[in-house]
Amino acid sequence: MTQDLHYPIGEFDRNFEASPVARLERIKTIAELPTRLAEAVAGLSDPQLDTEYRLRGWTVRQTVHHVPDSHLNSMLRFKLALTEDESPTIRPYYEDRWAELADSRMPVDVSLRLVAAIHERWVALLESMSDADYNRKFIHPETGEWTLEAALAMYAWHSRHHTAHITGLRERSGW
């Protein structure tokens, strides 16, 4: 059996378990991501950071820079859903185009610091939310309506997904 390099932990399943225990585990995943991401890239050289994790995929460097881009967008979506009277329609972005911008070629430590700061604030927000807050919604124009519970599940998956891209490449390459 070959490993799916695009989805190393499998695709996100919108039929996730919704329980207080599962929610706490997802918040823990979000809290631990900055450390896990830093560990995943620790000691990598610039040529290794500039290696695609799969054929025609992003480089490790682009992947590291993508995570705070994506997670900042997610935290802002949470804040919009928590503060708007009606479920807001959020604005998607072209993550593939963002990954080509000059800031995605910077040293990864910049984004490692950024993701740590974003996640420190995001975890404080997540831990303060009530059950009713987790039922609040936003609308994604391409994928439809999302509760904040579902968005938390997706971003916990996203955290593990991109970390697995990097750790999988390291394992396959013997780094």
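Predicted model: local features only at pLDDT ≥ 70, side-chain atom pairs only at ≥ 80, totals over all residues.
Me: Let's start with the open space. Which helix supplies the largest share of the lining of the largest pocket?
Reply: The largest pocket holds about 860 Å³ of space. Of its 31 lining residues, the closest to the centre are E95, M154, Y155, W157 and H158. Helix 3 (60-83), helix 4 (95-98), strand 1 (137-140) and helix 7 (148-173) each give at least two residues to the lining. The largest share, eight residues, comes from helix 7.

Me: Now for helix 1. Where does it kink?
Reply: Helix 1 runs over residues 20-41, and its end C-alpha atoms are 32 Å apart, close to the 32 Å expected for its 22 residues. Even so, there is a bend of about 45 degrees along the way, shortly before the proline P34. The kink lies at L33.

Me: What do the buried residues of helix 1 pack against?
Reply: The buried set in helix 1 includes A22, R23, R26, I27, I30 and L33. An α-helix has 3.6 residues a turn, so residues three or four places apart point the same way. The partners for the buried residues are helix 2 (46-49), helix 3, helix 5 (108-128), helix 6 (131-134) and helix 7.

Me: Where is the non-glycine residue R56, with its positive phi?
Reply: R56 has a phi near 60 degrees, although it is a residue other than glycine. With a relative accessible area of 70%, R56 is above the 50% cut-off and therefore exposed. R56 is found in the loop between helix 2 and helix 3.

Me: Is helix 3 largely enclosed or largely open, and how many of its residues are buried?
Reply: The 24 residues of helix 3 should span 34 Å, and the 35 Å between its end C-alpha atoms agrees with that. Helix 3 is largely enclosed by the rest of the structure, because the buried residues number 18 of the 24.

Me: Which residues does S70 touch?
Reply: S70 is in helix 3. Its relative accessible area is 3%, so S70 is buried. Beyond residues up to four places away in sequence, S70 touches Y93, Y155 and H158.

Me: Is Y93 buried or exposed?
Reply: Y93 lies in the loop between helix 3 and helix 4. Leaving out residues up to four places away in sequence, Y93 touches H66, D69, S70, N73, R77 and W98. Its relative accessible area is 16%, which is under the 20% cut-off, so Y93 is buried.

Me: What about Y7: which residues is it in contact with?
Reply: Y7 sits in the segment before helix 1. At 24% relative accessibility, Y7 falls between the 20% and 50% cut-offs and so counts as partly exposed. Leaving aside neighbours within four places in sequence, Y7 is in contact with W157 and H161.

Me: Last one. How far apart are the C-alpha atoms of L152 and R23?
Reply: L152 is in helix 7, and it is buried, with a relative accessible area of 0%. Its contacts, neighbours within four places in sequence aside, are R23, R26, I27, I30, F78, L126 and Y134. L152 and R23 are 129 residues apart along the chain, and their C-alpha atoms are separated by 7.8 Å.

Notes:
Residues numbered from 1 in each chain as written. Heavy atoms only, no water. 1 Å grid on protein atoms, 1.4 Å probe; cavity = no way out; pocket = protein on both sides within 12 Å on 5 of 7 lines; lining within 4 Å. Points joined across faces, edges and corners; volume = space filled by probe spheres on them. Helix = DSSP H or I, 4+ residues; strand = E, 2+ residues; numbered from the N terminus. Expected span 1.5 Å × (residues − 1). Bend = angle between axes of the 7 residues up to and from the residue. Buried < 20%, exposed > 50% of the residue type's maximum accessible area, 1.4 Å probe, protein only. Contact = heavy atoms within 4.5 Å.
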